[in-house]
Amino acid sequence: MAQKKLKFQEAMKRLDEIVNALNQNDLDLEEAMSLFEEGLKLSKQCSDQLKTFEARMDQLLHQQEETNDEQ
């Protein structure tokens with residue numbers, strides 16, 4: 001699978017597919033390593049996206065609090 005930046009849900013779905021494939025124990029070592037590497041990249045991507053989403057939510061909540069304080 002060519003590595004492009006997937007949407008969060010797509011990346012999580014692909015991670016699930018990778019985990020299921022690795023759990024089947026019928027892959028050759030090279031294919032298993034390739035899937036493992038892809039999974040690590042997707043895991044980092046998802047983690048980074050979650051941090052970005054969390055920072056944005058914090059910013060929005062802070063703005064809302066400021067708006068409520070002004071009223």
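**Charged pairs, surface patches and a loop**

Modeller: Lys-44 and Asp-48 both lie in helix α2, 4 residues apart, which is about one turn of the helix; helices here are DSSP runs (H or I, at least four residues), just as strands are runs of E of at least two, and both are numbered from the N terminus. This is a predicted model, in which local features need pLDDT of at least 70 and side-chain atom pairs count only at pLDDT 80 or more, while totals for chains, interfaces and linings use all residues. Residues are numbered from 1 along each chain as its sequence is written, and side-chain values use heavy atoms, with hydrogens and water left out.

Biologist: At what N to O distance do the side chains of Lys-44 and Asp-48 meet?

Modeller: A salt bridge is called when a side-chain nitrogen of Lys or Arg is within 4 Å of a carboxyl oxygen of Asp or Glu. Lys-44 counts as exposed at 52% relative accessibility, whereas Asp-48 counts as partly exposed at 34%; buried means under 20% relative accessible area, exposed over 50%, and partly exposed in between (1.4 Å probe, protein chains only). The side chains of Lys-44 and Asp-48 form such a salt bridge, with an N to O distance of 2.8 Å.

Biologist: How many salt bridges does the structure hold?

Modeller: Another of them pairs the side chains of Lys-41 and Glu-37, at 3.6 Å from N to O. Both residues lie in helix α2 (residues 29-70), 4 residues apart or about one turn, and Lys-41 is partly exposed at 45% relative accessibility, as is Glu-37 with a relative accessible area of 45%. The number of salt bridges held by the structure is 4.

Biologist: Leaving aside neighbours within four places in sequence, which residues is Gln-45 in contact with?

Modeller: Gln-45 has its place in helix α2, and with a relative accessible area of 12% it is buried. Contact means heavy atoms within 4.5 Å. With neighbours within four places in sequence left aside, the contacts of Gln-45 are Lys-4, Lys-5, Leu-6 and Ala-11.

Biologist: Is Gly-39 buried or exposed, and which residues does it touch beyond four places away in sequence?

Modeller: Gly-39, which is found in helix α2, has a relative accessible area of 11% and is therefore buried. Its C-alpha is 15 Å from that of Gln-24, at a sequence separation of 15 residues. Not counting residues up to four places away in sequence, Gly-39 touches Leu-15 and Ile-18.

Biologist: Which residues make the nonpolar surface patch of about 440 Å²?

Modeller: Patches are made of residues with over 30% relative accessible area and no salt bridge, with like charges joined within 9 Å and nonpolar side chains (Val, Leu, Ile, Met, Phe, Trp, Tyr) within 5 Å; accessible areas come from the Shrake-Rupley method with a 1.4 Å probe, and for residues only the protein chains shown count as cover. Leu-40, in helix α2, is partly exposed at 49%. The nonpolar patch of about 440 Å² is made by Leu-29, Met-33, Phe-36 and Leu-40.

Biologist: Which residues gather in a patch of negative charge on the surface?

Modeller: Asp and Glu count as negative and Lys and Arg as positive, with His and the chain ends not counted, and the place of a charge is taken as NZ of Lys, CZ of Arg, CG of Asp or CD of Glu. Glu-30, which lies in helix α2, counts as exposed at 60% relative accessibility. The negative patch on the surface gathers Asp-26, Asp-28, Glu-30 and Glu-31.

Biologist: What is the phi of Asn-25?

Modeller: Asn-25 lies in the loop between α1 and α2, where it is exposed with a relative accessible area of 71%. Although Asn-25 is not a glycine, its phi is positive, at about 60 degrees.
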